[in-house]
Amino acid sequence: MSTHQLLRQLHPHLRPPARIVVTVSDAHFGDLRHTGGTMPSPRWAIPDISRPGAYNRSGNVRAGRRAYVTSKLGGIYLVHEWSRRLPEGVDILAYNPSLVIGTGLARETGGAFPFLMRRIVPVLAATPLVDTPAPAGRKLADTILGATAAPTGAYIHRSKAMPSSTESYNPDREHALWNWLEQLPREQPPGTTD
């Protein structure tokens, strides 16, 4: 919701050439290949996804993870819908940094996460599968600055455009999300009036 709200406020001020990059996650795939089994698959239902306690056992870590992956799927839906609505020359992309160690993101998670993040994932940093903050930041900057070529609406995985999950290509859901978000009250920037 916050991404859409921000884009609503920026939209009237954007002039070509411009590039918007929304950070998403390959966790939206919700499969073993992309999450190592640590994340559940997304569960999409408008408007339920926005309500506290929307997921079974909402106090459970798994419910929080489901909310996270579902929000990342929603980010991709927003990118697709905005890409159809922005003027030509104003591009919007979904950027997935993939697994980046050293950010503290999983610091408070339970289950096997602490062990994986301390013992297994750092070993993977020596491979092309995992980044540390500095290379991940450079890849994000390349995407923002256009050094990573991609058409508007594309999904960028680290440093190249590629398909996102099959579930993320759903024009009906994209349009329904847009319509739902457009019905929410519009926040005014500080210092402005209606």
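This is a predicted model: local features need pLDDT of at least 70, side-chain atom pairs count only at pLDDT 80 or more; totals for chains, interfaces and linings use all residues.
Residues are numbered from 1 along each chain as its sequence is written, and side-chain values use heavy atoms, with hydrogens and water left out.

Let me start with helix α1, residues 2–10, whose buried residues are H4, Q5, L7 and R8. They lie on the same side of α1, because they cover an arc of only 165 degrees around the axis, the arc being that of the directions from the helix axis to the C-beta atoms. By buried I mean under 20% relative accessible area, with exposed over 50% and partly exposed in between, for a 1.4 Å probe and protein chains only; helices (H or I, at least four residues) and strands (E, at least two) are DSSP runs, numbered from the N terminus. As background, an α-helix has 3.6 residues a turn, so residues three or four places apart point the same way.

Now to the backbone, where most residues other than glycine have a negative phi, and most peptide bonds are trans. In the loop between α1 and β1 (18–23) we find P17, and the peptide bond from P16 to P17 is cis, with omega near -10 degrees.

Where do we find S98? Its place is in the loop between β2 (90–96) and α4 (113–124); phi of S98 is positive, near 65 degrees, and S98 counts as buried at 19% relative accessibility.

Finally, R158, in the loop between β3 (155–157) and β4 (160–161), has a positive phi of about 60 degrees although it is not a glycine, and R158 is buried, with a relative accessible area of 11%.
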